[in-house]
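Here is a short briefing on one protein model. Please keep the sequence and the 3D view open while you read.

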Amino acid sequence: MIALLEYLHRCFIRSYRYGAPTFIYLAILLLVYTTGSNPVMDSYAFSSSMLFVTAAAIGCLMIDVEAANQEMATLTHARSLVRLSAAKLLYAWLFASALGLFAVLYPALLGRFDRLPGFEELGIGLLYHIALAGLGVSLAGWFSAKLFESRFYAMLALCAWIALAFGSRGIAGALPDSLDWLTVLLPPVHPALHALTFYAELSSGAKWLPISAALLYAGVSAGLMLAALHKRRLDYPGGE
């Protein structure tokens, strides 16, 4: 798996696909932290929400980073479409998590907050960024060229799903009481942002629950996506 991740890293870096989402995310952070009076956890709520979107873009670009003929050759070495796709999702998560680490440490080390954050806040902030990065990547896998014939409709559907995730609270309020359970199907972005925004008022359990929910949702989403790809293995000679 390590050798496969190293290969995917070279492919992704040489493709320059990482450029646009990475530059936009870092530019937004630099712009937001031009002053040093930003509240700690509210800032982390913002940067983690933007990382969710950025990770979805990175995951979408990563899952289709190889041309069809190049991917066929890679499959002969990976010996499994599921293994190759899982490695792509894992790499995208690691890449996005590195951006999350920057988002947590940059304002703290350069004094861009209104106070010095504690170690607990730094640790929890990093975990939220990592969890939402994984959540974004796991969603992106569903909108690859392997499952969507049209890239336009794939991007449109991904953007719609991201918008629904951010609007889950309003959707729950608009639905009848008998149907508000449907919001459980949406990515748990809002609970994470709520926990970071009201961090000081929450119990320890309430602070950890959104992280667990995001990671669980990401794991289930990625697992189901890989199962869907496994059913299409005959489309890829040599894949299992």
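**Overview**

Buried residues make up 44% of the 240 residues in the protein. Buried means under 20% relative accessible area, exposed means over 50%, and partly exposed lies in between (1.4 Å probe, protein chains only). This is a predicted model: local features need pLDDT of at least 70, side-chain atom pairs count only at pLDDT 80 or more, and totals for chains, interfaces and linings use all residues. Residues are numbered from 1 along each chain as its sequence is written, and side-chain values use heavy atoms, with hydrogens and water left out.

**Fold and overall shape**

- The protein has ten helices and zero strands. Helices (H or I, at least four residues) and strands (E, at least two) are DSSP runs, numbered from the N terminus.
- Along the sequence the pattern reads α-α-α-α-α-α-α-α-α-α. The radius of gyration is 19 Å, close to the 18 Å that the globule rule gives for 240 residues, so the protein is as compact as a globular protein of that length. The radius is taken over C-alpha atoms, and the rule is 2.2 Å times the number of residues to the power 0.38.
- Taken along the principal axes, the C-alpha atoms fill a box of roughly 55 × 50 × 30 Å.
- Of contacts between residues at least 6 apart in sequence, 79% join residues at least 24 apart. Contact means heavy atoms within 4.5 Å.

**Surface and charge**

- The accessible surface comes to about 12000 Å², and 69% of it belongs to carbon and sulfur atoms. Areas come from the Shrake-Rupley method with a 1.4 Å probe; for residues, only the protein chains shown count as cover.
- The protein has 15 positive and 14 negative charges, and their mean positions are 9 Å apart. Lys and Arg count as positive, Asp and Glu as negative; His and the chain ends are not counted. Each charge is placed at NZ of Lys, CZ of Arg, CG of Asp or CD of Glu.

**Helix H9**

- Helix H9 spans residues 189-197, and its buried residues are Val 189, Ala 192, Leu 193, Ala 195 and Leu 196. They cover an arc of only 160 degrees around the axis, which puts them on the same side of H9. The arc is that of the directions from the helix axis to the C-beta atoms.
- An α-helix has 3.6 residues a turn, so residues three or four places apart point the same way.
- The cover over the buried residues of H9 includes helices H3 (40-63), H6 (119-140), H7 (151-166) and H10 (204-231).

**Lys 88 and Glu 66**

- Lys 88 sits in helix H5 (residues 81-109). Lys 88 is buried, at 1% relative accessible area.
- Beyond its neighbours within four places in sequence, Lys 88 contacts residues including Leu 8, Met 62, Glu 66, Glu 71 and Lys 146.
- Glu 66 lies in the loop between H3 and helix H4 (68-78). Glu 66 is also buried, at 7%.
- Not counting residues up to four places away, Glu 66 touches Tyr 7, Glu 71, Thr 74, Leu 84 and Lys 88.

**Leu 139**

- Leu 139 is in helix H6 and is buried, at 3% relative accessible area.

**Tyr 16**

- Tyr 16 is in the loop between helix H1 (2-15) and helix H2 (19-32). Tyr 16 is exposed, at 62% relative accessible area.
- Phi of Tyr 16 is near 60 degrees, a positive value in a residue other than glycine. Most residues other than glycine have a negative phi.
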